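Colleague: Could you put the model up and go through it with me? I would like to ask as we go.

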Amino acid sequence: MKTAIVALLLAAYSPLGPAREAYQSGDLPRARTELEALLQPSRLSHPQEEAEAHLLLAATLHAQEDVPRAEHEAVEGLALDPDAKLDPLVYPPDFIAFIERVRARRQDRIDPRAARLRPPVLLPGTASSTAAPVLVEPRPASQGWYLVPFGVGHFVHGQRSKGTVLAAGQGTAFAVSAVSLGVALSLRGSDGRYSAQDAPTARAFNVSYLVGAYAFAALYAYGVLDGLLSSPPPPTGRGPG
């Protein structure tokens, strides 16, 4: 169930989502507009996504009876993904048969196009020995990590000492508060009140629960403010020279 939900969410946030939805709902002009905007020029970063976009545009054009253009888009899609399999729940049988005919009859166009689209392979020894190394600076961690309790933000930003203190302090306060609340609730009778014998004990655990909760809140607020207001450490990279 979780896998299906994740797949649906990913599909919803895919750049192809609006075009796919338009095609499946029969709004072919909108599907064509969306797909041409994505492909001319290509705004898709993954070859499989671009292949799907070409095949979806081919299906749209095929449904509009623009067969020559549909064949061109099919060749582009198959060049990017030669093993593409069309979902029969999305595409009609006549279009699936059309793609199989293009795959069989237009291999002389698909193979050269695939060779041009394939990234070049660098053989050992072909790279220049004088090329300077490329230094990539690590991206700083987001300050949003400071909103996570138990010192997580400080650990992420390399402040292990503060992170350890916050983790221990917040963990202890949370545990004391939770245990105290559980004991206090367990002492209540069926009418929701404490008996005269249990009232002093329950009062002590209620106080302990409040103290623990306030201590946790104070330590959490301190951790957030300390992380967000503290200045970031200076960069450690060397200057030129």
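Colleague: Which element gives the largest share of the lining of the largest cavity?
Modeller: H10 does, with 3 residues. This is a predicted model, residues are numbered from 1 along each chain as its sequence is written, local features need pLDDT of at least 70, side-chain atom pairs count only at pLDDT 80 or more, and totals for chains, interfaces and linings use all residues. Side-chain values use heavy atoms, with hydrogens and water left out.

Colleague: What counts as a cavity, and how much space lies in the largest cavity?
Modeller: On a 1 Å grid over the protein atoms alone, a cavity is a set of points where a 1.4 Å probe fits but cannot get out, and lining residues have an atom within 4 Å of a point. About 40 Å³ of space lies in the largest cavity, the volume being the space filled by probe spheres set on the points, which are joined across faces, edges and corners.

Colleague: How does its lining divide by class, and which residues are in it?
Modeller: There are 6 nonpolar, 5 polar and no charged residues. Ala, Val, Leu, Ile, Met, Phe, Trp, Tyr, Cys and Pro count as nonpolar, Asp, Glu, Lys and Arg as charged, and the others, Gly among them, as polar. The lining includes Tyr-146, His-154, Gln-170 and Tyr-220.

Colleague: Now the second largest pocket. How much space lies in it?
Modeller: About 320 Å³. A pocket is an open set of points with protein on both sides within 12 Å along at least five of seven lines. Of its 14 lining residues, Glu-52, Lys-85, Leu-86, Asp-87 and Tyr-91 are the closest to its centre. Helix H4 (residues 47-63) gives the largest share of the lining, 6 residues.

Colleague: What pLDDT does the chain average?
Modeller: The average is 79, and 80% of the residues score at least 70; pLDDT is the predictor's confidence in each residue, from 0 to 100. Over residues 1-12 the pLDDT is below 50.

Notes: Contact = heavy atoms within 4.5 Å. Helix = DSSP H or I, 4+ residues; strand = E, 2+ residues; numbered from the N terminus.
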